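Please go through the structure below alongside the notes that follow. They are grouped by topic.

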Amino acid sequence: MKRDFQTFLLYAFSFLLLWEWLRPVEQVTSTDHIELFVIFILLSFAVSFLKLKWIWKTILKGWFVLFSLNKVHYDTGFFDFSWLSSFFSNLITNFGLILTRDLLAITNEFRTFLFFILLWLMVYLVHYWLLNRKRIFIFFFMTLIYITVLDTFTLYSANLAIVRTVVVGFAVMGMLTYYRILAKEQVNSDSFITRKWMRPLVLMIAFSVIVGIISPKFEPIWPDPVPYLKAAGNKGGDDVNGSGVSKVGYGTDDSRLGGPFIGDDSIVFQSEAAQKNYWKVETKDHYSGKGWIPSDTNPYHIAGDKIIPVSSIPSNVEARDETASLSLFMDYTHLIYPAGIQRAQFKRNYTLEIDSTKEKITILDFNSTPIAPDSYSVQYKIPVYAATDLRQTSEPGQIGEEFLAKYTQLPETLPERVKELAESITEGKTNWFDKAKAVESHFSGSGFIYDQKNVAVPGENEDYVDQFLFDTKIGYCDNFSTSMAVLLRSLGIPTRWVKGYTGGDFLKSSESDTSKQIYQITNNNAHSWVEVYFPNQGWVPFEPTKGFSNNIAIDFTSEERTPAAAETTVPPEQKPQQDLEKDSSSSKKNNQSFTFNNVWLSIKTFMSKNWKWILLSLVIVGGAAGLIYRGRGKWIPYLYLLQFRLRKKDENIGKAYLVLLDQLERYGLKRNEDQTLRNYARYIDTFFASREMSRLTDRYEQYLYHQKLPEGSWKDSRELWENLIKKTIA
């Protein structure tokens, strides 16, 4: 093969196919520095494309392998050649281990070396299939099997990988088929023939991929095998020590936090509401150093249609009433509810059992047996907090000592540096709200990483929060929310840990109520966050997890508030039932104002609802624009014909001749760099079997060298020019 653009594309596509083999390695194994292996296969394809001699190929690739081994496994510099003796000694030792079949004792350094050799061989095989066999289907098929098996049985998600592989694989196979046909028919290729071949290939691939992406898809027929494999490997049920791989979703035991988990897109419920909400299930108040446990339990019962006395919003906080309907897909006997819950409405008469400490609400039938309803609706309030009111709290004030001790509890073993960090983060802040916001913001820019897999488990003598804040800084919502709660508690600010679900994904607009949308919440939306208690505002949610937002409404523009805002609020668990009834009846409906958030929400809703059509429209418009551009050689001439037909001056021959040269080149009759105009004109005349190009060239040269033509000569010249232009259109 030649070193032309088509060959370059073949090598580039082959590199992308082989890259797909490396993408999952970092996720499913403990292998690091994947970028070095990617650069190595890129270098290998590059030297093959450039057709370097085998000796130079070997030197370049061998040098890169040694450089990478030095970078990963040695502390000394690459040009400090003392490390080479250790490396070769390591090679001899590991070859001996292979001969004795003691494979588990092989060092990581030797494993890295073997991996480079494997990639070297794979690049050679791909290069052989490209050049000699001009077939790559087997490698393409093996790549598809590889990524789909990993997608099924590991944590790796191959959704995009499959699309990339299909696009690249079809492109390579189409190009190789083209080259095989040329070789079989003994036809010399040129750019014109290549374009005619590649155009339908690109259209076919684009059409297939677009249809595959936007077409409706069946749900999986078989359940995800990963949880079953994990469970079979565990054989002891749930991993109570938190050291194994867990499955994401709501769980009841939070006494041992930490460790990785796998995703699960099983649908939990669907909500029909005016906006996304965070959905609560329970709160926990006692931090043990390893996780969260409830301090006590105090259940009581109320009728299912009564006001629910949990976390009520004080009457001095502006709020608006909302309703939402939930359709459940899992048998959950506990109520899933938004903050500010007022009532729950069921199709039957149920009783609610409320744990006042955990604020967990269990649904009971007439026999006091937990029951899982198929659906229910909730009435709740959405508060709009005023920053001026939130900033009024700088001391516990009239909060009861027992309440304060309960929600500022910390283990005696908590390292002192946690409190020192909290004081450092909030230095200069004089009120609880600014301190809470400072701690919340701390996690967004201090080197913290959101990750669900590479999450450590604290050792026997390690604190869960201390490990995350100072050692790993890698984790998911439990790490972030627990750390914020502990940091605030160390400052004497009452805080609790909340479990539930995020708002889910937009599914569609409600057919029965155009002001509402339907959201789908899966196990992947299971989440935890923080609530901070303010004496005059109640429990206020905060979201420290990197990449998440709870869209709580806080008005930062109000300079003054009514005196009622300074009232002290009794904690919800101490508030009488009649006061809660009064709060519910006296709430004021809030008219939503035109804000940037509302506009942005409308845009996101529209994009979420119509993203497939928007994507399809962009692809169609882009494809049409590309086709129009690629076919410009057939429609641009008509514009030129119209443009110059209206011109009368003899000097127009200068611009018209240059336009003709461009059009002839687009047609495929390219002029060589060292070719004179007269010689090129004879070539054109030979091609079209005429004398028009030579006659037009004579007149152009006369104009070019003398800047003057006989008056009226443009009329005859235009006829020659138009004839030549029209011949390029046919």
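In this predicted model, Gly668 has a positive phi of about 115°.

**Helix 20**
- Helix 20 covers residues 652–667, and its 16 residues should span 22 Å at 1.5 Å a residue.
- The buried residues of helix 20 include Ile653, Val659, Leu660, Leu661 and Leu664.
- Asn652, Gly654, Ala656, Tyr657 and Gln663 are also among the buried residues of helix 20.

**Helices 14 and 16**
- Helix 14 (residues 432–442) packs against helix 16 (residues 477–489) at an angle of about 145°, and the two axes are 10 Å apart.
- The crossing of helix 14 with helix 16 is right-handed.
- Helix 14 contributes Lys435, Ala436, Val439 and Glu440 to the contact, while helix 16 contributes Met484, Leu487 and Leu488.
- Sorted by class, five residues in this contact are nonpolar, two are charged and none is polar.

**Whole protein**
- The protein has 23 helices and 21 strands.
- Of its 730 residues, 45% are buried.
- Among contacts with a separation of 6 or more, 74% are between residues 24 or more positions apart.
- The accessible surface is about 39,600 Å², and carbon and sulfur atoms account for 57% of that area.

Technical notes:
Residues are numbered from 1 along each chain as its sequence is written. This is a predicted model: local features need pLDDT of at least 70, side-chain atom pairs count only at pLDDT 80 or more; totals for chains, interfaces and linings use all residues. Side-chain values use heavy atoms; hydrogens and water are left out. Axes are lines fitted to C-alpha atoms, for helices over the stretch in contact, and angles run from 0 to 180 degrees between N-to-C directions. Helices (H or I, at least four residues) and strands (E, at least two) are DSSP runs, numbered from the N terminus. A crossing is left-handed if the near helix is turned anticlockwise from the far one by less than a right angle, and right-handed if clockwise. Contact means heavy atoms within 4.5 Å. Ala, Val, Leu, Ile, Met, Phe, Trp, Tyr, Cys and Pro count as nonpolar, Asp, Glu, Lys and Arg as charged, and the others, Gly among them, as polar. The expected span of a helix is 1.5 Å times one less than its number of residues. Buried means under 20% relative accessible area, exposed over 50%, partly exposed in between (1.4 Å probe, protein chains only). Accessible areas come from the Shrake-Rupley method with a 1.4 Å probe; for residues, only the protein chains shown count as cover.
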